[in-house]
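Work through the exercises below with the sequence and the coordinates open. Each task is followed by a stepwise solution.

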Amino acid sequence: MAEIIDYGRFAERLAPQRTRWELLDEVQREWGYEDPGGEPLVTREGEAPGYELDESDPVPAALVEWWDSPVNSFAFRPRLYWTHSQWPPSGPDSVENPPDDEIRVIMAEYQYVDQWGYLASEAHLPDPQVMVNTHDGWVVQSRSISEFFLQLAMERLPAHFGWSLRVRRTVVDDDPAIVERLKASYRDLGLLPWQEMGTDALTYGAPDALIRHGRGPGADYAIVIQGRTREAVVQVAETLGLTWTDEEIKAPSEVPSPVEDLGPASFTEGGTDDRLRWTAISTAATPPVPAVPDVPGLGELPGRTAAASDQDGTTVVAGDSTGRVHVWATDGSETADRALHRAPVTAVTCYQPAYGGCAVVSGDAHGVLRHWVTGRENSRAAFDRRRSPVAALTSAQLETGPALAAAWANGLTRVWDLRSMDVADLRIGTGIKALTLDSDGLLYVTTGQGTAALRLDLDRLWPTRRFRLRLDEIDWASLWTKRGPGYEIPGLIAKVASDDEDAAQAAVKRLYELLVSKHDSIAAAAPAVPFLVERMLIPTNRARNTLLLLIADIADGPGEEREAVKAAVPSLLHLQDDEHPSIRWAAGELVRICGVPAA
């Protein structure tokens, strides 16, 4: 975020005639929202399956465009918004229509107290104004549908992606000069006041910051400052004459994955990485790249950007500059043609899975990987995503099963065991032009300096592979948690020993939400305990303190989970003498809850 954006000049950005969703796209990117790849989680077809527009009840063009737009962040991540969409537009729920007209609702806030929609009398317009119900009746919320969705994004996204400081009403009531300084120092955005739950909030712009003045009786906070950086929040707070503590400035809850800062890939014969996961056996190797059969249609494919074939030469896959992926059998018949990416495809690979069909993996210029099998529905979510273009892909059948390797332009190479989904991050370096993985476990890495052959040690590469396979032997989806079926459990258990401490702690937190209850027996808890104990006994586990408390709190449950934890206590008693005070304390809690005497 090196560039400082002055939102005090935002009204100037509203004024020009621009492509309808261009400004929405800009603002979302400025605050850190990134296209997650994959398919939208919410669609208008999904809201009303089989619905066809009735020409006698027209729907504004802007609304249809928003639903179908690739920059519609609500469709891809609706949980960022805490609103309910409405398609087809319909009458208001428990709210009277305005006199002499009707409202067609397009969105409602989470409790359905406030609803936003356009007037039926303006439905023929391409981009009509949006109304909202208030205590004073229906009022104009936004001057157009496109402006409404821009404003909704600016109301919601900074709360997730920005730094925040909230000032209670009593503080401003005691010092009215705060509002005077706000009006004197900053200009409003040029948007109409936001009406929701009685807040009546007018938003002002500052360098890298937004300041909301909640004027209505429903506003919990009189002033909310949200900044793209912490420094921007502090600057506004100082200008307004506020006092605050460090704890009151909240960090973003959504933090983009870091971009690797690696130098060019370089190898020496006999060289290895710090975990001995690979050894360079040659720095002047020739990769066994199979020739791509010249099937009909491949050579004439417009905008072709990448092509590959499987190891048997029976299938050809290609990607193009529009983001489409094409698959042919070698007899020349095209077996699939799918729009999978919203950026040019930069790499492809394919392999034959044991369950039939052809598995295809494609990567794009936005760093998104898609994995799918011909003849089956696409997985809605991206297989993986990094904040750098995909530079190379390769796949092979190893002695352990199918494996996939992907290199991103930022220097990270990931290698998956596709049976267990164990993955290794190899920070090989930048400049990778091609990867080739053979069935003997040799990974050929081609850069501008030549090709190096790396012998992979599969046990060191995927140390949790067997553990994950044992996890998969349990039908977790049939076991109930506090929040529904336990399909999340195996992935979360695998993450609690992640090298990424934040990811490990987040997994433990989620497992708390799913597995801990003092009042109800949770079917998924007891089967999870032995796996959690195994993770706890890994000395390098960076979430051991909270993980041990999770195990102890599971023992507080009324069902089989308590007995499962008691059976594991002997293997954990040594932690009462751990060098870390938090571990010793958690071990003491475990002994107290289970009633097991200290060893």
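The exercises cover a nonpolar core, a helix, a sheet and aromatic rings.

This is a predicted model, in which local features need pLDDT of at least 70, side-chain atom pairs count only at pLDDT 80 or more, and totals for chains, interfaces and linings use all residues. Residues are numbered from 1 along each chain as its sequence is written, and side-chain values use heavy atoms, with hydrogens and water left out.

**Exercise 1.** Find the residues with the most contacts inside the largest nonpolar core.

Solution. Step one is the criterion: a nonpolar core is a set of buried Ala, Val, Leu, Ile, Met, Phe, Trp, Tyr and Cys residues joined through side-chain atoms within 4.5 Å, where buried means under 20% relative accessible area and exposed over 50%, with partly exposed in between (1.4 Å probe, protein chains only). Step two gives a largest core of 45 residues, in which Leu-515 and Leu-532 have the most contacts. Helices that each supply at least two of its residues include α13 (501–515) and α14 (525–536); helices (H or I, at least four residues) and strands (E, at least two) are DSSP runs numbered from the N terminus. A second, separate core has 33 residues, among them Phe-74 and Ile-145.

**Exercise 2.** Determine how the buried residues of helix α8 (residues 177–185) are arranged.

Solution. First list them: Ile-178, Val-179 and Leu-182. Next take the directions from the helix axis to the C-beta atoms, which define the arc. The buried residues of α8 fall within an arc of 95°, so they line one face of the helix. On the other side of α8, Glu-180 and Ala-184 are exposed.

**Exercise 3.** Classify the ring pair of Trp-116 and Phe-148.

Solution. Rings of Phe, Tyr and Trp (its six-membered ring) pair if their centres lie within 6.5 Å; planes under 30 degrees apart count as stacked, over 60 as edge-to-face and the rest as tilted. The whole structure holds 16 aromatic pairs. For Trp-116 and Phe-148 the centres are 5.6 Å apart and the planes at 45°, so the pair is tilted. Trp-116 lies in strand β3 (residues 115–119) and Phe-148 in helix α6 (residues 145–161), 32 residues apart. Trp-116 is buried, at a relative accessible area of 0%.
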